[in-house]
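Please consult the sequence and the structure shown below.

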Amino acid sequence: MLADPTGAHAAAFAAVFATLYAAHQVADHWIQTQRQADCKGQPGWAGRLACAAHVATYTATAVLALVFLIAGTGLRLDPSGVTVGLGISAVTHYIADRRTPLRWIADQLGKSPAWLDKAGGMYALDQSWHVGWLFIAALFCAV
């Protein structure tokens with residue numbers, strides 16, 4: 001990336017990251033249906049379809065939030081960068097919300113089963129996974 005003496009790229013990244021983070025909170029906790037939340041980690045096609053439906057509404061919420069950001073600030077984003085960024089967000093969100101991959105990673109890292117299952121550890125790992133990938137997605141969206 002070229003030097004950015006005006007800080008415009010950094011400001012765009014900050015605005016996009018804040019927008020994607022806000023959209024994440026709304027989509028994961030308000031937009032997601034109870035059925036999606038209950039079924040998205042289940043094995044088989046029922047779980048896959050519930051997770052895919054959640055990721056679709058999650059991604060639509062992110063798109064809408066970016067539209068509001070652009071309309072409200074005049075920020076210009078490259079559509080191809082936004083497409084790649086939102087694609088990264090969607091794929092990594094699906095992986096996490098299928099549950100088994102995150103649980104496998106947690107087990108490999110030696111996370112305590114008691115912490116994971118009883119103290120909200122899996123929820124904390126899920127949310128931190130999402131936010132970490134939102135950071136990467138925002139970098140692509142703001143190029």
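How do the residues of the lining of the largest cavity divide into nonpolar, polar and charged?

## Basis of the model

The model is predicted: local features need pLDDT of at least 70, side-chain atom pairs count only at pLDDT 80 or more, and totals for chains, interfaces and linings use all residues. Residues are numbered from 1 along each chain as its sequence is written, and side-chain values use heavy atoms, without hydrogens or water.

## Cavity

The lining of the largest cavity comprises three nonpolar, four polar and no charged residues. Here Ala, Val, Leu, Ile, Met, Phe, Trp, Tyr, Cys and Pro count as nonpolar, Asp, Glu, Lys and Arg as charged, and the others, Gly among them, as polar.

The lining residues are Tyr 58, Ser 89, Thr 92, His 93, His 130, Trp 133 and Leu 134, each having an atom within 4 Å of a cavity point; on a 1 Å grid over the protein atoms alone, a cavity is a set of points where a 1.4 Å probe fits but cannot get out. Helix 4 and helix 7 are the elements that give two or more residues to this lining. The volume of the largest cavity is about 30 Å³, taken as the space filled by probe spheres set on the points.

## Helix packing

Helix 4 (residues 79-97) packs against helix 7 (residues 121-141) at an angle of about 165°, and their axes are 7 Å apart. Angles run from 0 to 180 degrees between N-to-C directions, with axes fitted to C-alpha atoms over the stretch in contact. Helices are DSSP runs (H or I, at least four residues), numbered from the N terminus. The two helices are therefore roughly antiparallel (an angle over 145 degrees).

The contact (heavy atoms within 4.5 Å) involves residues including Ser 89, Thr 92 and His 93 of helix 4 and His 130, Trp 133 and Leu 134 of helix 7. The residues of this contact divide into 13 nonpolar, six polar and two charged.

Note on methods
Parallel < 35°, antiparallel > 145°, perpendicular 65-115°, else oblique. 1 Å grid on protein atoms, 1.4 Å probe; cavity = no way out; pocket = protein on both sides within 12 Å on 5 of 7 lines; lining within 4 Å.
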